[in-house]
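This report is meant to be read beside the sequence and the 3D structure. It takes up charged pairs, domains, backbone geometry and the overall fold in turn.

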Amino acid sequence: MKIKIKNLGEFQLKPGSALKDLIPEIKKISKELPVGFKYKDTYIDWHYTLNENISDDLELEPIFPSDKEALIFLRHTASHVLAQAVKELFPKAKLGIGPPTEEGFYYDIYYERPFNEEDFKKIEKKVKEIIKKNLSLERKEISKEEAKELFKNLEEDFKLELIEELPDSKVSIYSQGNFVDLCKGPHLLSTGQVKAIKLLSVAGAYWRGDEKNPMLWRIYGTAFFSKEELKAYLDRLEEIKKRDHRKLGKELELFTIEEDIGPGLVIWLPKGAIVRNIIENFWEEVHLQRGYQLVYTPHIALRDLWKVSGHLDFYAENMFPPMELENRAYQLKPMNCPFHIYVYNQKRRSYREFPIRYCELGTVYRFERSGVLHGLLRVRGFTQDDAHIFCREDQLEEELIKILDLVIYFLKVFGFSEYKIFLSTRPEKFVGSPEIWDKAENALKKALENKGLDYEIDPGEGVFYGPKIDLKIKDVLGRFWQCSTIQVDFNIPERFDIVYIGEDNRFYRPIMIHRALLGSLERFLGVLIENYAGAFPFWIAPVQIKVLTITDRNVNYGENVVKLLKKEGFRVEADFRNEKLNYKIRMAQKEKVPYMIILGDKEESDQVISVRTRKGEVINNLKLEDFINKIKIENQPEYLLNESS
RNA sequence: GCCGGCGUAGCUCAGUGGUAGAGCAGCUGAUUCGUAAUCAGCAGGGCAUGGGUUCAAAUCCCAUCGCCGGCUCCA
């Protein structure tokens, strides 16, 4: 039988033999040995044998250690090594699943008690031993019946459950030493090929993510082909820690979340509030330019409003409980949409008016379970940069395209140029008819295609009132964050029975689009803090310039400079303390102020300034006027856009 | 909500049964200094909260709250 391997040539293989029998031959012609292969969409490792898995002549695509996909092989094996280590140390442990992930791998393992730090160390040691032993892996295909027998004897209950649900009559198992695991692969040749591995953490995880199921212990780890790559990864984890918005938020005095005030409720401190204010002002300006109208609505409303909107039926578990007052129930708002319906309903609407676009920085409250709160990224009270657009069916696609334009513009201004787009379709719990949903889903698809944007479909992830497009933005460290959401809604207009008069003088139902571009200001600022590591670009920096004097003699001159800068509208702080320059620079540097102006006798006598940038560049003998002209340009939101393009 | 870990001064952290500690920040004084920490002194703590064990608890036990890492969910 012929095996063609891309770029390596053709090989003959006898039926019944494994791909690994080709290794000596391949080694002769290739410096580097592939870790495995890809055939169509499946990974094939060296352990595949001809009669079992491969019937016809086929062309395989080799995967080398330098390929990204090679990590899947490596991490699958790494997770087996981990599982073996745990089973050897704790024979009573039962295995769940152990897949590779984006960044590493994990194994979910049931054990009668939690693994503690000591266990963790032991496991780590055992893992290293197994790698050192360089055990060969082996793949076998057996019938489901045989597999059931095997795992029943091993008392691997979770594996039995998995086997039960596998669609094929045959399943594959991999073994190394005396360890066997149900696994579809792919794997490396032997445990010794796992060169750089690190176990990272243990945490409880429900079997199959369902809280009705027993809790297993999930051990996270990561593995790479080289120690250098592993180190780079661990360094990156350190970097992420350094950029944590919770840490920076405290250090830079941006925001606080106080135990006495309540979980998930954010206090914006002056420095953070000014950042938020600058973003809000910019946001409003752009919206007004683009044909939106600004509205304000209350934080609470009569509970009946939420009955009409459908929230009580479909969203109740995310809402704060009602408040009773003068025999009427009020409800803290989880969304802004019903209010905007009433703005719409102020008068009879004509088809000529459309599209009508209402926008609001609307603060909403949602009940999030305590365990999921996370700094600014997951809170209970947040301000959405919300808008609701009412339009006719024939305008829907164009409106969606405009929204996509707008969101891409905003993200660019804030330094995000890469994102993933998801189209979420009808969930299990939904209002309206399936036909209407299909219509809405199609409109979203067409808009995305019109803009030439790639997207993935997230089945069943839509909101109860309509399908949506979500954008996840990629930050400088390559992490993705969900902020923007665009949702088509045929249902709420119907529930509130809103109408417009058409050309033919008859009533029609408008379509509503919900959209938030930055998402919530809290989350967006959290992401922004991490993206910039707290060093905001000039136009949003809470303190843009810090004026430092060298001696007390220069204070008068310093006050003058500060006054002139403030007059121009810049956010300036003075550090005229009787301290050494180095000390003042260090402080300003830690506050991540973009520019320091340093004033000594020299500057004063020449009536100039010295400027030190956040990056450490020094410009001497600058006229204040020239500096102001330079930073005026830098103070525009689009400055960085123009710089990089 | 569930599982594990953690909670000591404004911040970062020492302190594991015997009188609460350090550095930074703050205040006072000295120093007047040129591109990432000048020196000295002072002040600052219900050890998350509430119970319990003990002659004695920051330390051991129980409960509650909060935070962190996950599960799940979403802006």
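## Salt bridges

The structure holds 48 salt bridges, a salt bridge being a side-chain nitrogen of Lys or Arg within 4 Å of a carboxyl oxygen of Asp or Glu. This is a predicted model, in which local features need pLDDT of at least 70 and side-chain atom pairs count only at pLDDT 80 or more, while totals for chains, interfaces and linings use all residues; side-chain values use heavy atoms, with hydrogens and water left out. Residues are numbered from 1 along each chain as its sequence is written, and chains are lettered from A and ligands numbered from 1 in the order in which they are written.

One of the salt bridges joins the side chains of Glu112 and Lys92, at 3.7 Å from N to O. This pair links distant parts of the chain, 20 residues apart: Glu112 is in the loop between β7 (105-110) and α4 (117-133), and Lys92 is in the loop between α3 (70-89) and β6 (94-95). Helices (H or I, at least four residues) and strands (E, at least two) are DSSP runs, numbered from the N terminus. Glu112 and Lys92 are both exposed. Here exposed means over 50% relative accessible area, buried means under 20%, and partly exposed is in between (1.4 Å probe, protein chains only).

## Two further pairs and a network

Arg276 and Glu280 form a salt bridge in which the closest N and O atoms are 2.7 Å apart. Both residues belong to helix α9 (residues 270-289), where they are four residues apart, about one turn of the helix. Are Arg276 and Glu280 buried or exposed? Both are buried.

Glu418 pairs with Lys474 in a salt bridge whose closest N and O atoms are 3.3 Å apart. Because Glu418 lies in the loop between α13 (396-413) and β21 (419-424) and Lys474 in strand β23 (residues 468-474), the pair ties together parts that are 56 residues apart in sequence. Glu418 counts as partly exposed, at 45% relative accessibility. Lys474 is also partly exposed, with a relative accessible area of 27%. Elsewhere, Lys271, Lys546, Glu573 and Glu591 are joined into one network by salt bridges that share partners.

## Domains and one interface

Chain A is divided into domain 1 (2-63), domain 2 (70-234), domain 3 (255-531) and domain 4 (545-644). These bounds come from an automatic or database domain assignment. The C-alpha centres of domain 1 and domain 2 are 25 Å apart. Between these two domains, 15 residues of domain 1 are in contact with 15 residues of domain 2, contact meaning heavy atoms within 4.5 Å.

The size of an interface is often given as the accessible area lost when the parts come together. Between domain 1 and domain 2 the buried area is about 1200 Å², with carbon and sulfur atoms giving 62% of it; buried area is the accessible area (1.4 Å probe) that two parts lose on being put together, summed over both. On the side of domain 1 that touches domain 2, β3 (36-39), β4 (42-44) and α2 (50-53) each supply at least two residues. How many salt bridges are there between domain 1 and domain 2? The count is zero.

## Backbone geometry

Most residues other than glycine have a negative phi, and most peptide bonds are trans. Gly185 and Pro186 are joined by a cis peptide bond, with omega about 0°. Pro186 is in the loop between β10 (179-182) and β11 (196-206). Another cis peptide bond joins Phe354 and Pro355, with omega about -5°, and Pro355 is in the loop between α12 (337-344) and β19 (356-365).

Asn505, a residue other than glycine, has a positive phi, near 70°. Asn505 lies in the loop between β25 (500-501) and β26 (507-508) and counts as exposed, at 63% relative accessibility. Gln607 likewise has a positive phi, near 55°. The loop between α19 (601-606) and β31 (609-613) holds Gln607, which is exposed with a relative accessible area of 52%.

## Overall fold

Chain A has 21 helices and 32 strands. Its C-alpha trace spans about 85 × 75 × 50 Å along the principal axes. Of the 645 residues of chain A, 52% count as buried. Among contacts in chain A between residues at least 6 apart in sequence, 70% join residues at least 24 apart.
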